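Subject: Structure for you to look at

Hello,

Here is the structure I said I would pass on. Please open it and keep it beside you while you read my notes below.

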Amino acid sequence: MKIDWLSKLQYFLQTMAFCLAISAIQYAFQPERPYEYPLVYSLCIGFFTWALIDFGRHPLSGNSEIGWPTGIRAFLLPLGGILGAFVLGILVADSWFGWSSWEEGRRATLPSALLITALSGASVTYYFYTRSKGSYLEAQVSEVSRQASEAKLKLLETQLEPHMLFNTLANLRVLIATDPQRAQDMLDRMVAYLRATLSASRASSHALEREFERLRDYLELMAVRMGPRLRYVLDLPPELASHSVPTLLLQPLVENSIKHGLEPALQGGGITITALREGTVLTLQVSDTGVGFDNQMPLVEGFGLAQVRERLAAAYGDRGWVERTSTPGHGTTVRLHLPLSP
Amino acid sequence: MTTPLTTALIAEDEPLLAQALQAELARAWPALKVLATVGDGATAVQQAMALQPDVLFFDIRMPGMSGLEAAAELADQWPSAGLGERAFPALVFVTAYDQYAVQAFEAQAVDYLLKPVQAARLQKTVEKLQLALAKPAQGAINFEATLGQLRNLLASPASAATPLTVIQASVGNGIRMVPVADVLCFEAADKYVRVLTLDREYLIRTPLKELMDQLDPQVFWQIHRGTVVRALAIESITRDEAGKTHLALRGLKERFIVSRLYAHLFKAM
């Protein structure tokens, strides 16, 4: 267990300040008694209350992340702490003055002292508890927002995969010297691809026709790089061309097909992207003739597919779903089903 | 007297980039003859064995076998460096963007080129290569150094994965729990990994690389690209006439081949 000594010191000083205030109030009510009496008793009892509760909370809090006990222990800690501190504090203060508060004559002040101790002990403990909880929640919130921005960065990084960018640029550099016309064409496609990727987070949906155009840009870029190892077919029936879909929804699937299907295959292979209408359902299919994978493998879902699933769920709820089939040596097919009517 | 021609092999899966590298090399090093250009790791090994070039330009990401794996495989197959044998080729790795690979190359002082390859950078590499090739007497030492570099490059970085204690192997319709403490050897076989214990053999689908991240490297030694054995179970090491090293495990009849990359583990004290 790691103890934060700075916060311990902070709590100690705050407790002492509170005790000074309590003793000042007591003195105001009974100005005929010397100020030293309430001061010493208050500081002694306050010190033990702080020591017992602030250190006692750690062994009692178990797995609680706030650092404070929960359940029945949450009541036992201040109860035990306050009673123990009351007895110990009075004993120490008594020895300071050289008398005993338990004697006949002095005993009468004890109930009111206990009441003051109980009330102030409970309220200070509650104050420290809420502060701990507050800073814990604050830490949680900043952790969650850090994770969110990390996920955003990761998404962008997968879309603008540096390996793909630099390889494309390397190809472009070759073409500039050997085939300027093709170089220009490749550059245009790259500009379109980059523009679409960078603005994908802003526009949430576009026509299926646009989606297929962006996929063609990407596949053309890859085709320059892979040469005869990549063949592709895009099949979009005209009546579905204007149907709206989330932007670049299919992009991660095409990337997966290339990265996990065709790139590892010596001979490369083909990718077929089709849109078709099945009753009230729009089916978008990305299938490759790459190396495939074993369906019995524990299904490890990559970032790409998980992201597609999430976006489908966000846009269509239960009405959008994904299925994936694969045969080792023959390729992989991913089908997205989404409702045709919004 | 004519100086013997320097020869090279290029392994790069993107046809345009292979062409470009060849063209750049022709400018930077006119005396270099590129014997062949291949598009995948396995062919690279095969062609390098057949053509025995002086320099290899290996792309890192290639279908089938990566450039690094191909280099290790070639080091294993290369005829043992006796007198009159050809020295192991000088290696240059080529990559578009591999942050970790580049860091590792720097750490291991392995030559590499970044794509797009730039003339000035290529010129430096060429000068380095020419200098190294001018000192053929150091061939044997260089080969040992190359083996060490490849070994370090292929070693997966220390992972924080929790150590594996039990292997879940499917047997028939059920799952058999095999304590890692009973395992003598893991061997990659096609799409499976064979798990050998004293009395049985299991097949699992978890890739060997993934398993190795969860095994204690002090307890399990890698002796080949596809073989990891329990160090304390090793009985003997023998070398055959062909120079291959074989390893026997206590209690198993099977013999395992030790790759040259890992032969340094077995030197007499």
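Across the interface of chain B and chain A, 7 residue pairs are in polar contact, both residues of a pair being at pLDDT 80 or more. That score comes up because this is a predicted model. On the side of chain B that touches chain A, 9 residues are nonpolar, 2 are polar and 9 are charged.

How many salt bridges cross the interface of chain B and chain A? The rule finds 4. Look for A:Arg173 and B:Glu24, which form a salt bridge. Their closest N and O atoms are 3.2 Å apart. The general idea is simple: side chains of opposite charge can pair when their charged atoms come close.

Now the extent of the interface. In contact are 20 residues of chain B and 24 residues of chain A. An interface's size is often given as the accessible area lost when the parts come together. Here chain B and chain A bury about 1900 Å² between them. Carbon and sulfur atoms hold 60% of that buried area.

Next, the salt bridges as a whole. Over all chains, the count comes to 21.

About 30 Å³ of space lies in the largest cavity. Which residues line the largest cavity? From chain A come A:Arg225, A:Met226, A:Arg229 and A:Glu263. From chain B come B:Asp13 and B:Glu14. By class, the lining has 1 nonpolar residue, no polar ones and 5 charged ones.

Last, two backbone details. B:Lys115 and B:Pro116 are joined by a cis peptide bond, with omega about -5°. B:Pro116 sits in the loop between strand E5 (112–114) and helix H5 (119–133) of chain B. In chain A, find A:Leu248 in the loop between strand E3 (244–246) and helix H8 (251–262). Phi of A:Leu248 is near 50°, a positive value in a residue other than glycine.

Best wishes

Definitions and conventions. Residues are numbered from 1 along each chain as its sequence is written. Chains are lettered from A and ligands numbered from 1 in the order in which they are written. This is a predicted model: local features need pLDDT of at least 70, side-chain atom pairs count only at pLDDT 80 or more; totals for chains, interfaces and linings use all residues. Side-chain values use heavy atoms; hydrogens and water are left out. On a 1 Å grid over the protein atoms alone, a cavity is a set of points where a 1.4 Å probe fits but cannot get out, and a pocket is an open set with protein on both sides within 12 Å along at least five of seven lines; lining residues have an atom within 4 Å of a point. Grid points are joined across faces, edges and corners, and a volume is the space filled by probe spheres set on the points. Ala, Val, Leu, Ile, Met, Phe, Trp, Tyr, Cys and Pro count as nonpolar, Asp, Glu, Lys and Arg as charged, and the others, Gly among them, as polar. Contact means heavy atoms within 4.5 Å. Buried area is the accessible area (1.4 Å probe) that two parts lose on being put together, summed over both. A salt bridge is a side-chain nitrogen of Lys or Arg within 4 Å of a carboxyl oxygen of Asp or Glu. A polar contact is a pair of N or O atoms within 3.5 Å; within protein, one must be able to donate a hydrogen and the other to accept it, and residues adjacent in sequence count only if both atoms are side-chain atoms. Helices (H or I, at least four residues) and strands (E, at least two) are DSSP runs, numbered from the N terminus.
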